[in-house]
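Trainee: I have a new structure open on my screen. Can you walk me through it?
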Amino acid sequence: MKSEGLSERRSCKLIGLNRATYRYKPTAKDDGCVRERMRILAVQRPRFGAPRLTVLLRQEFGAVNHKRVERI
């Protein structure tokens with residue numbers, strides 16, 4: 001934002017954007033081990049859906065979010 005002649009702080013204030021939101025850099029989570037184990041479980045138990053697979057994954061990995069399992 002400095003190239004337009006305004007500071008980052010002033011620019012964000014003018015448009016009503018929080019500076020932390022402007023600077024946020026999303027990070028990708030490594031779902032590799034959960035994804036692989038989910039494939040194995042899905043092949044072993046084809047009738048199980050996402051809720052049931054979530055329970056099995058929680059038993060192995062601890063805290064696994066149900067939305068994460070749905071996304072994968």
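Mentor: Let's go through confidence, helices, single residues and side-chain pairs. Keep in mind that this is a predicted model.

Trainee: What is the mean pLDDT of the chain?
Mentor: The mean is 85. Of the chain's residues, 94% reach 70 or more.

Trainee: Which element has the lowest mean pLDDT, and which the highest?
Mentor: Helix H5, residues 66-71, has the lowest, at 82. Helix H2, residues 19-23, has the highest, at 92.

Trainee: On to helix H3. How many residues does it have, and what span should they cover?
Mentor: H3 covers residues 32-44, which makes 13 residues. At 1.5 Å a residue they should span 18 Å. The end C-alpha atoms are 19 Å apart, so the two values agree.

Trainee: Which residues of H3 are buried?
Mentor: Val34, Met38 and Leu41. They lie on the same side of H3, because they cover an arc of only 65° around the axis.

Trainee: Why would residues spaced like that point the same way?
Mentor: An α-helix has 3.6 residues a turn, so residues three or four places apart point the same way.

Trainee: Now H4. How far does it reach?
Mentor: Helix H4 runs over residues 50-61 and has 12 residues. From its first C-alpha to its last it reaches 15 Å. That is close to the 16 Å expected.

Trainee: Which of its residues are buried?
Mentor: Leu53, Thr54, Leu56 and Leu57 are buried in H4. Their arc around the axis is only 170°, which puts them on the same side of H4.

Trainee: What is exposed on the other side of H4?
Mentor: Pro51 and Gln59 are exposed there.

Trainee: Why does Pro51 count as exposed?
Mentor: Its relative accessibility is 60%, and exposed means over 50%.

Trainee: How far is Pro51 from Val64?
Mentor: Their C-alpha atoms are separated by 11 Å. Along the chain, Pro51 and Val64 are 13 residues apart.

Trainee: Let's switch to Leu17. Where does it lie?
Mentor: Leu17 lies in the loop between helix H1, residues 8-15, and H2. Leu17 is partly exposed, with a relative accessible area of 32%.

Trainee: How far apart are Leu17 and Ala42?
Mentor: In space, 44 Å from C-alpha to C-alpha. In sequence, 25 residues.

Trainee: And where is Leu6?
Mentor: Leu6 lies in the segment before H1. At 30% relative accessibility, Leu6 is also partly exposed. The C-alpha atoms of Leu6 and Arg39 are separated by 51 Å, and the two residues are 33 apart along the chain.

Trainee: New topic: cysteines. How many disulfides are there?
Mentor: The count is 0.

Trainee: Last one: rings. How many aromatic pairs turn up?
Mentor: A search of the whole structure finds 0.

Trainee: So what sits over the ring of Phe48?
Mentor: The charged end of Arg52. The distance to the ring's centre is 4.1 Å.

Note on methods:
Residues are numbered from 1 along each chain as its sequence is written. This is a predicted model: local features need pLDDT of at least 70, side-chain atom pairs count only at pLDDT 80 or more; totals for chains, interfaces and linings use all residues. Side-chain values use heavy atoms; hydrogens and water are left out. Rings of Phe, Tyr and Trp (its six-membered ring) pair if their centres lie within 6.5 Å; planes under 30 degrees apart count as stacked, over 60 as edge-to-face and the rest as tilted. A charge sits over a ring if NZ of Lys or CZ of Arg is within 6 Å of the ring centre and within 35 degrees of the ring normal. pLDDT is the predictor's confidence in each residue, from 0 to 100. Helices (H or I, at least four residues) and strands (E, at least two) are DSSP runs, numbered from the N terminus. A disulfide is a pair of cysteine sulfur atoms within 2.5 Å. The expected span of a helix is 1.5 Å times one less than its number of residues. Buried means under 20% relative accessible area, exposed over 50%, partly exposed in between (1.4 Å probe, protein chains only). The arc is that of the directions from the helix axis to the C-beta atoms.
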